[in-house]
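I opened the model to look up a few packing details. My entries follow in the order I made them.

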Amino acid sequence: MLANIKIKDILFFVVVVLLWFTAYAHYQGESMNHLALYVVTPLAVLLTMVYRFSFRVGRWFGILMILYIWVGLMSFFAFDRGVAMEEMHRILGCILFSFIVASLAQERKHVTWLYLLYVILFACAIGYAQREILPYITLGEGRVTDDNLNANTLAYYTFFYSFITFLLGEIAQKTKWKTFWHIVFFSSIPIIYGVAIATASRQVFVICAPMVALMLVYRYLINKATPKWQKWVSIIVIVIALAGVVPKALEIYQGSELSARNEMSVKDDERMVLLKESIQVGCEHPLFGVGPGNFRLFSSPHLFSHNTYTELFANTGIIGALIYIFMVCAFCWVNWKRWRQTHDSLCFSFLLFGCFYALYQFFYVFYADNWLISFFILVCTHSDVYYNDCYANTTDTHSA
């Protein structure tokens, strides 16, 4: 029995290391990335199947697979089959990554290692930006973006980082680790500001900043589990820090490209053009859409819609869009009920993430990116496993 447990644990950490390598390789050049995608990831899938010896990895992955099956069927009706196959190639990566994290997250004791995967990805993205982009632009006047790292992508990773550092502070069992992650969580505040300035990405302030603010309010003003001394110390530190930093931060912001973009009329934003065109294309092809990835062939700037809901509507029809909307809304609804029942801080964390994730879908297409969708599946799976372990077999509604 002990030998089996040891072998299983070894298998888990081998898979995690392989995943960490894919995160590292993502910004280390095309050859490294191809090695990660076409060799390391399939190997991680095979080892995951040995580790779990089961394809039953939770309802959220199941709903996602229903969506992908529908998207695959719609490729037969695509206006351009080549473009549709490119999209299905990306979706295959989404399936593999989501399967791995959904499988490994079935054991709650290991979930921290999975969240660290996305912290590593974020750190590698920042390292790439510092190495390959920042030396060639003036910070605040140009956007941190190139063919390998999109400015918006860095914003999404910032969103993940903020949530992860908050969540790990909630699930940590030992006081020293809980304190460590509480301190690290505060780093998300300057990081949000820095990423917003560097990328001129307005969504960082629209999504990340409000989420972090609500997390701070919940942890240090509402949550009864937080000691009073810690609440007061945190409030004092935040007030002093803001008083000292805000004037300089506003000065930097006023001369930045982000400030210039914020002064632009919403009607002049290219995203609004894409939004209107994707809805129009979806209405013209409501049943099957124009085919996976094909909307960009119909858009005037030849770009995807930067909106998950309308992208699915245009590409796969109303059914594809409704499946995705159901998945995201169902996750929010389930965790709203759980939080109302238990008043558990983790249930609140999952609910908060679900709401902001649903809002974030209006800014980008998440379902066809392996990192963005697999993180959602990880959080969903962790939510179910945590609730089932702590509350499914008891009527006790104590807090975590």
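I started with helices H3 (residues 59-74) and H16, whose axes come within 8 Å and cross at roughly 145°. Helices here are DSSP runs of H or I with at least four residues, strands are runs of E with at least two, and both are numbered from the N terminus. Axes are lines fitted to C-alpha atoms, for helices over the stretch in contact, with angles from 0 to 180 degrees between N-to-C directions.

I listed the residues that make this contact (heavy atoms within 4.5 Å): H3 gives Arg59, Trp60, Phe61, Leu64 and Tyr68, and H16 gives Ile373, Ile377, Cys380, Thr381 and Asp384. They divide into seven nonpolar, one polar and two charged. In this scheme Ala, Val, Leu, Ile, Met, Phe, Trp, Tyr, Cys and Pro count as nonpolar, Asp, Glu, Lys and Arg as charged, and the others, Gly among them, as polar.

The model is predicted: local features need pLDDT of at least 70, side-chain atom pairs need 80 or more, and totals for chains, interfaces and linings use all residues. Residues are numbered from 1 along each chain as its sequence is written, and side-chain values use heavy atoms, leaving out hydrogens and water.

Next I checked aspartate 384. Is aspartate 384 buried or exposed? Aspartate 384 is buried, because its relative accessible area is 11% (buried is under 20%, exposed over 50%, partly exposed in between; 1.4 Å probe, protein chains only). The H16 stretch that holds aspartate 384 is residues 370-390. Not counting residues up to four places away in sequence, aspartate 384 touches Arg59, Trp60 and Arg338. With arginine 59, its side chain forms a polar contact of 3.0 Å.

Then I looked at the largest nonpolar core, which has 119 residues. Tyr115, Phe159, Tyr324, Phe375 and Phe376 have the most contacts inside this core. Its largest share, 14 residues, comes from helix H5 (residues 111-133). Beyond four places in sequence, tyrosine 115 contacts residues including Ile164, Phe350, Phe375 and His382. A nonpolar core is a set of buried Ala, Val, Leu, Ile, Met, Phe, Trp, Tyr and Cys residues joined through side-chain atoms within 4.5 Å.

Last, I noted confidence. The protein averages a pLDDT of 85, and 84% of the residues score at least 70; pLDDT is the predictor's confidence in each residue, from 0 to 100. Over residues 395-400 pLDDT stays under 50. Where pLDDT is low, the predicted coordinates should not be read in detail.

Technical notes
A polar contact is a pair of N or O atoms within 3.5 Å; within protein, one must be able to donate a hydrogen and the other to accept it, and residues adjacent in sequence count only if both atoms are side-chain atoms.
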